[in-house]
Amino acid sequence: MAKFAVQGRAAESIYGSLGKKPAECGALINTGVSLSSGVVAGVVSAVISHPADTLLSKVNKAGAGGDGSIPSRMMNITKETGVVKLCTQGLGARCVMIGTLTALQFGIFDTVMRSLGAEKFHFHEPH
């Protein structure tokens, strides 16, 4: 859900900076906005999920974090690795991978939606 929220907000910002609404733009610009906002959403989701995914990968290795329960092993791994390294190790590659995949997902999604004549649901503040 966070990807959709971030992508929607990023798309609104891009259209705002262009000074146009999606209906006023051609397919090429709309696809470009979908891809660009998809990259933003992918990078944000990669940054948010990276520490937990890294910790999960490490805890699944045999013997990592010593003996004991999963939470105690996770604490041991965090202490051994360090929070900063846990949050940043491999983050660049993950941002490229997830950013690209998410951009393609939203590019395809928005293209299919436009082809079918469907519109995305947009959240509005109640009056």
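Helices H1 and H5 of this predicted model pack with their axes 12 Å apart and at an angle of about 75 degrees, where axes are lines fitted to C-alpha atoms, for helices over the stretch in contact, and angles run from 0 to 180 degrees between N-to-C directions. The two helices, H1 and H5, are therefore roughly perpendicular, a term that covers 65 to 115 degrees. Helices here are DSSP runs of H or I with at least four residues, numbered from the N terminus. On the H1 side, Lys3, Phe4 and Gln7 are in contact with Thr102, Gln105, Phe106, Phe109 and Asp110 of H5, contact meaning heavy atoms within 4.5 Å.

H5 itself runs over residues 91–116, and its 26 residues reach 37 Å from the first C-alpha to the last, close to the 38 Å expected at 1.5 Å a residue, the expected span being 1.5 Å times one less than the number of residues. Its buried residues include Leu91, Ile98, Phe106 and Met113, buried meaning under 20% relative accessible area with a 1.4 Å probe, protein chains only. Among the elements that cover the buried residues of H5 are H1 (2–18), H2 (27–59) and H4 (83–88). Just after H5, Gly117 takes a positive phi of about 80 degrees.

The largest nonpolar core consists of five residues, Leu55, Val59, Ala64, Ile77 and Leu86; such a core is a set of buried Ala, Val, Leu, Ile, Met, Phe, Trp, Tyr and Cys residues joined through side-chain atoms within 4.5 Å. Leaving aside residues up to four places away in sequence, Leu55 touches Met74, Ile77, Thr78 and Leu86.

Residues are numbered from 1 along each chain as its sequence is written. Local features need pLDDT of at least 70 and side-chain atom pairs count only at pLDDT 80 or more, while totals for chains, interfaces and linings use all residues, and side-chain values use heavy atoms, with hydrogens and water left out.

Notes. Buried means under 20% relative accessible area, exposed over 50%, partly exposed in between (1.4 Å probe, protein chains only). Angles under 35 degrees count as roughly parallel, over 145 as roughly antiparallel, 65 to 115 as roughly perpendicular and the rest as oblique.
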